[in-house]
Amino acid sequence: MVKEASQITCTISILETSDLHGSMLPIQYANNQANEVGLTKIAALIASERSLHQEVIVIDNGDLIQGTPLAYHHARLDNEPMDPMVLGLNYLGYDAAVVGNHEFNYGLDVLCKAVKESEFPWLCATILDAQSGEPFLGKPYMIKQFENGIRVGILGLTTPYIPNWENPVHIEGLRFVDAVEAAKTWVKVLKEQEQVDVVVVSYHGGFERDLTTGEPTEPLTGENQGYQLCMEVDGIDVLLTGHQHRSLAGIQVNGVIVVQPGTTGVTLGKVQLELSLVEGKWQIDAKTSELLSVVGTEADKKLIELVSPYEAKTQEWLDQPIGKLTGDMRVKDPMQIRLKDNALIEFINRVQMDLSGSLISNTALFDNVSPGFPADITMRDIVSNYIYPNTLKVIRISGQDIKDALEQSAEYFELTSTGDVQVSSKFKEPKPQHFNYDMWEGITYKLNISRPIGSRVVQLDYEGKPLNLEASFDVVMNNYRAAGGGNYAMFQNKPVIKDIPTDVAELLAGYIMERGTIEATLNQNWEVIWD
């Protein structure tokens, strides 16, 4: 705080992590090679900012405790000690955390354990206890008051779209309310009752519209409402966002400064506010936002030491041999995997069909760094390819639903002016959605991507005959897709014939261990073509 020409001024720095997804150490678990990510690197940036500024607030914006083998091993196999990500946030002196949608993936017991272990409050105004109507973690907001008297109100919001993805058992007894409506209620409380000088909204959600034009960039389902929050809720000064894994900074929407720091700790979001005391009241004179990269920063040695017992157990588990493979299930070119039937996807679909008793299955290659399986398979290979804690559901859908889903997947591709295949902008922006392109087993189909969107399914057969669009079929898929995740609305609210609540990674590992050796097979039941 400085005094110039009799005016008192102050600078506040608000630091945000979001979508860390269990990323603690600067490594890639597929091969343990160095990687410029993780909370241990973010730690150095936080320390640097605290050395520069006296008034600093540090917030995690959700999707903290799920996403790496370290996080998985703790949640599923070694749940006794403190959650390693919470350990990191405690060590770094975070002021608050917000609940993300992936916080529910391991069930309420795991989430509530992490909350109990936290030396900071978890904020969430959009998820209520269904019986009492109160915020289910008790605190919708917190107040940070500095020595100079400035009061900063921090409101936590979580996308209410979670019931469209999550296992219903994991969210039993909870009610999800619209983020904009919740913000209108609680921002008013912060301004009028709490008399705060600054309102910060930390929202585990992203933007549904172009930030410049306001044009919709996705179906307006309520999953992302960041633009609406800026336009419709009076009194917000700062909007911290996440969920979409975008890198956004240096932008104001309707006077609200926004930031979004990517995923896995590649950057730290920073908002800087300049305030002055005018006639006894603090006012904001300027606000900026930027992203601070972890590239080249040295990881915090003390934090590495604190999590080393967790990491040692995780690495031992990852290197456990599971079985052997004859044939080839390597991923050399992700695009080629998605253009023609391949052994890796066929294997995952076959396991899903075998374990569920279903005759039709779909799955996806979740990202472009999935390595496939080598000849000697370990747990590391399983979790490097099947990266989400999905479970399986068998749902009853119509032939028309199958065709509609294939048409939606076919939108993944577009042709360049030179006739080359590339990922369409719809699946690249605002974040890559490779996990929303499904490949099927149990049906025979061709997609012609030279055709207009909506008319790309040019062959669709079942048991040697054209698929009856009016007939019903029991199809196995992951719980995210079965709930309509990825905007597959044709799967929503369909009868659930069977629920297999075990993680697919565990199912794959068990299947291989039981057999000892698996074989790469290929029946060439589908392909993508173009003229």
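**Sheet, helix packing and a pocket in the predicted model**

Thr 444 has Asp 461 in S26 as its bridge partner. The structure described here is a predicted model. Strand S25 (residues 444-448) and strand S26 (residues 457-462) pair over four bridges, and the sense of the pairing is antiparallel. Helix H11 (residues 399-410) packs on the sheet, where S25 and S26 are touched; the direction of H11 makes about 140 degrees with that of S26.

The sheet is open and consists of four strands in the order S27-S26-S25-S31, with mixed pairing. Its edges are formed by strand S27 (465-466) and strand S31 (526-529); each has a single partner strand, so one side of each is left without a neighbour in the sheet.

A packing of two helices involves H2 (residues 69-77) and H7 (residues 301-318), which pack at an angle of about 90 degrees with their axes 9 Å apart. H2 is therefore roughly perpendicular to H7. On the H2 side, the contact is made by Pro 69, Leu 70, Tyr 72, His 73, His 74 and Leu 77, which meet Tyr 310, Glu 311, Lys 313, Thr 314, Trp 317 and Leu 318 of H7. Seven nonpolar, three polar and two charged residues make up this contact of H2 with H7.

The second largest pocket holds about 260 Å³ of space. Its lining comprises 17 residues, of which Pro 163, Pro 168, Ala 482, Ala 483 and Asn 493 are the closest to the pocket centre. Strand S21 (392-398) and helix H13 (479-482) each contribute at least two residues to the lining of this pocket. Nine of the lining residues are nonpolar, five are polar and three are charged.

Technical notes
Residues numbered from 1 in each chain as written. Predicted model: local features only at pLDDT ≥ 70, side-chain atom pairs only at ≥ 80, totals over all residues. Heavy atoms only, no water. Axes fitted to C-alpha atoms, helices over the stretch in contact; angles between N-to-C directions. Parallel < 35°, antiparallel > 145°, perpendicular 65-115°, else oblique. Contact = heavy atoms within 4.5 Å. Nonpolar A, V, L, I, M, F, W, Y, C, P; charged D, E, K, R; others polar. 1 Å grid on protein atoms, 1.4 Å probe; cavity = no way out; pocket = protein on both sides within 12 Å on 5 of 7 lines; lining within 4 Å. Points joined across faces, edges and corners; volume = space filled by probe spheres on them. Pairing = 2+ DSSP bridges.
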